[in-house]
Structure formats: C-alpha cells, structure tokens
Amino acid sequence: MSHTAIFVGSFDPFTIGHDDIVRRALTLVDRLVVGVGNNIGKHYAHTAEERVAAIAALYADEPRIEVKAYSDLTIDFAKREGAQFVVKGVRSTHDFEYERTQAEVNRRLGGLETLLLCASPHLDCVSSTLVRELAAYGRDVTPFLPQKTQQP
C-alpha cells in the first residue's frame, strides 16, 4: 500500500526547518505533497505562485515530492490528494498544543491522521516569522533558507 502525506503551511518563506521536516517525512511516506496555503485574510511577502515555484525548484529532482497551492480546508486538500496523513513540525510546547488541537479536528472531520515531527534541536529557533523580520532589517537570511546544492 502506498502512503501519501501532505505537509501544509504558508511557507513564507520556506526555511531550513521546513526542509528538514520534508526530508524526514520522506522516510515515512511514499509521496509527499507540500501544500502552500493561500489564506485571503493573510498578507504574504510572496504570492502563492512564487512560493510554490521556489519550493518546487528545490525538490525538482525528487519525484516523490509535489508542491501545490491550496486555499480551502486542510482536510479537503488532503482528500483531493489522496493523503492519509498530514505532517507537521513542532518546535515548542506551544506549537505542540496548537497542532494537537488541529490534529484532533482533522481526524474527527476528515479521518486524517497527523504525524508530528519534533524540530531538530539545531533548527528549533528557525521560523518564517524570524526570517521575514531579519530580512526587513536588512540582515542576510540565506543561512536560514535551503539551498539547491543541499537537495538530494
């Protein structure tokens, strides 16, 4: 049986922490769909199309990864993709509590199981918010962004 998971988020930007979760998730599932959320109520630094293109380029050589934008409920996106699991990364107890609640809702409403992967210790301080803030102050954020040369 083939197992498909979705890994969803705004990914604005997609960080080395996200990349770490993607790589680890690939050891657990056969197919991973990175779902780039597009919430009309949020303001993004990059369009959904730009975020999808950047992430897709990163994994162009990995056929088990697909990258798609979505703007509806996670359970609906998962159903369209034939996913049995949603993968989420957690950095802290705060993240855990939030994701635990989301996991229960996704399971109750969509029968979707959640795989929570704890952030690698050296990456638990990395977040898209941090990267955007550093960039706004003119700091070099490349150490927090995955590079194509690091990809499989």
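At 3% relative accessibility, Phe11 counts as buried. Please keep in mind that this is a predicted model.

- Strand 2, at residues 31–37, pairs with strand 3 in the parallel sense over six bridges. To find this pairing on screen, look for Val33, whose bridge partner in strand 3 is Glu66.
- Strand 4 and strand 5 also pair in the parallel sense, over six bridges. Here Val87 stands opposite Leu115 of strand 5.
- Between strand 4 and strand 5 the chain passes through helix 4, residues 93–110, in a β-α-β crossover that is right-handed.

- Phe11 is not a glycine, yet it has a positive phi of about 50°.
- Asp12 and Pro13 are joined by a cis peptide bond, with omega at about 5°. Pro13 is placed in the loop between strand 1 and helix 1.
- At the start of helix 1, Thr15 brings a side-chain oxygen to within 3.1 Å of the backbone nitrogen of Gly17.

**Helix 1**

- Why is helix 1 largely enclosed by the rest of the structure? Eight of its ten residues are buried, so there is the reason.
- The buried residues of helix 1 are Ile16, Gly17, His18, Asp19, Asp20, Ile21, Val22 and Ala25.
- The cover over these buried residues includes strands 1, 2, 3, 4 and 5, together with helix 5 at residues 128–136.

**Lys88, a lysine in the sheet**

- Lys88 has its place in strand 4. Is Lys88 buried or exposed? With a relative accessibility of 17%, Lys88 counts as buried, because the cut-off for buried is under 20%.
- A polar atom of the Lys88 side chain lies 3.2 Å from the backbone oxygen of Val8.
- Leaving aside residues up to four places away in sequence, Lys88 touches Phe7, Val8, Glu99, Thr114, Leu115, Leu116 and Leu117.

**Cysteines**

- How many disulfides does the structure hold? The count is zero.
- Cys118 is in no disulfide, and the nearest cysteine sulfur, that of Cys125, is 16 Å away. That separation is too far for a bond, because a disulfide needs its two sulfur atoms within 2.5 Å.
- Cys118 counts as exposed, at 55% relative accessibility.
- Cys125 is exposed too, with a relative accessible area of 52%.

Note on methods: Residues are numbered from 1 along each chain as its sequence is written. This is a predicted model: local features need pLDDT of at least 70, side-chain atom pairs count only at pLDDT 80 or more; totals for chains, interfaces and linings use all residues. Side-chain values use heavy atoms; hydrogens and water are left out. Two strands pair if DSSP finds at least two bridges between them. Helices (H or I, at least four residues) and strands (E, at least two) are DSSP runs, numbered from the N terminus. Buried means under 20% relative accessible area, exposed over 50%, partly exposed in between (1.4 Å probe, protein chains only). A polar contact is a pair of N or O atoms within 3.5 Å; within protein, one must be able to donate a hydrogen and the other to accept it, and residues adjacent in sequence count only if both atoms are side-chain atoms. Contact means heavy atoms within 4.5 Å. A crossover is right-handed if, with the strands pointing away from the viewer, the path from the first strand over the helix to the second runs clockwise.
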